[in-house]
Amino acid sequence: MHYIDVQGLTFYYDDEPVLENVSYYVDPGEFVILTGENGAAKSTLIKSTLGLLKPASGTVTVSDKNAEGKKISIGYIPQQIASFNAGFPSTVLELVRSGRFPRQRWFQRLTTKDHQHVEKALKAVGMWDMRHKRIGELSGGQKQRISLARIFATDPDLFILDEPTTGMDEESRNEFYRLLRHNAHAHGKSILMITHDHEDIKKYADRQIRLVRKEDSQWRCFHMSSETDMDEV
């Protein structure tokens, strides 16, 4: 089964074609990266896939069931989502812990497993040592990291991440990529990530989907090139 199945998607901004005849899929248990030159409408494709933007044509199917037949859960992080102001009252730990409440119901105590998920998520983005800091005291890059940690704490079936490693150093990025691969391969999660660091990520990702410009068009029209052998990307 496909968690995401897009066929022949075309999208316009006003009268200008931005995406043309784009088809791709993402399955459970795989870590897929979406790449392309600057301005290749990668974020637009993700938003069209999620129903946040309406394509001019094509079909978009996001599964409503996970591989176990239960209602699918989706964790989406847009590019530069973090916008907490200096007066935001929560600590890092409190915010990331809140990602566990939908599974345990509000006002119930978190379990040992919940606390382990939270710790693992914060360590994965290099923020465990800052867990008692107030959100408003953090830099923009640090706020981005805790937004990612909260998504990890919710433990979704399908991760959709738009340039999530902005502001991370090389060591943090590699640890993050290892965590994504582990979630896909060991836990059957489906991961679609927009990135420009595809050289660094080669050894972690299963497949690359690349938006490329059409040679015969003066417009910003792009289509997909799916490459299964990461060594040849």
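**Entry 1, the cores.** A word to start with: a nonpolar core is a set of buried Ala, Val, Leu, Ile, Met, Phe, Trp, Tyr and Cys residues joined through side-chain atoms within 4.5 Å. I was working with a predicted model. I found that the largest core holds 34 residues, and that Phe31, Leu122, Leu161, Phe176, Leu180 and Met193 touch the most other members. I then checked which elements build this core: β3 (31–36), α2 (92–97), α4 (112–124), α5 (140–154), β6, α6 and β7 (190–194) each supply at least two residues. The most comes from α5, which gives six. Apart from this core I found another one of 23 residues, including Val22, Tyr24, Ile46 and Leu211.

I looked up Met193 and set aside its neighbours within four places in sequence; among its contacts are Phe31, Leu161, Phe176, Leu180 and Ile201.

Most residues other than glycine have a negative phi, so I went looking for exceptions. Asp14 has a positive phi of about 55°, and I located Asp14 in the loop between β1 (4–13) and β2 (16–26). Glu163 also has a positive phi, near 50°, and sits in the loop between β6 (158–162) and α6 (170–187). Which of these is buried and which exposed? Asp14 is exposed because its relative accessible area, 77%, is over 50%. Glu163 is buried because its 10% is under 20%.

I noted an average pLDDT of 83 for the protein chain, with 85% of the residues scoring at least 70. Over residues 229–233 pLDDT stays under 50. Where pLDDT is low, the predicted coordinates should not be read in detail.

Terms used
Residues numbered from 1 in each chain as written. Predicted model: local features only at pLDDT ≥ 70, side-chain atom pairs only at ≥ 80, totals over all residues. Heavy atoms only, no water. Helix = DSSP H or I, 4+ residues; strand = E, 2+ residues; numbered from the N terminus. Buried < 20%, exposed > 50% of the residue type's maximum accessible area, 1.4 Å probe, protein only. pLDDT = per-residue confidence, 0-100. Contact = heavy atoms within 4.5 Å.
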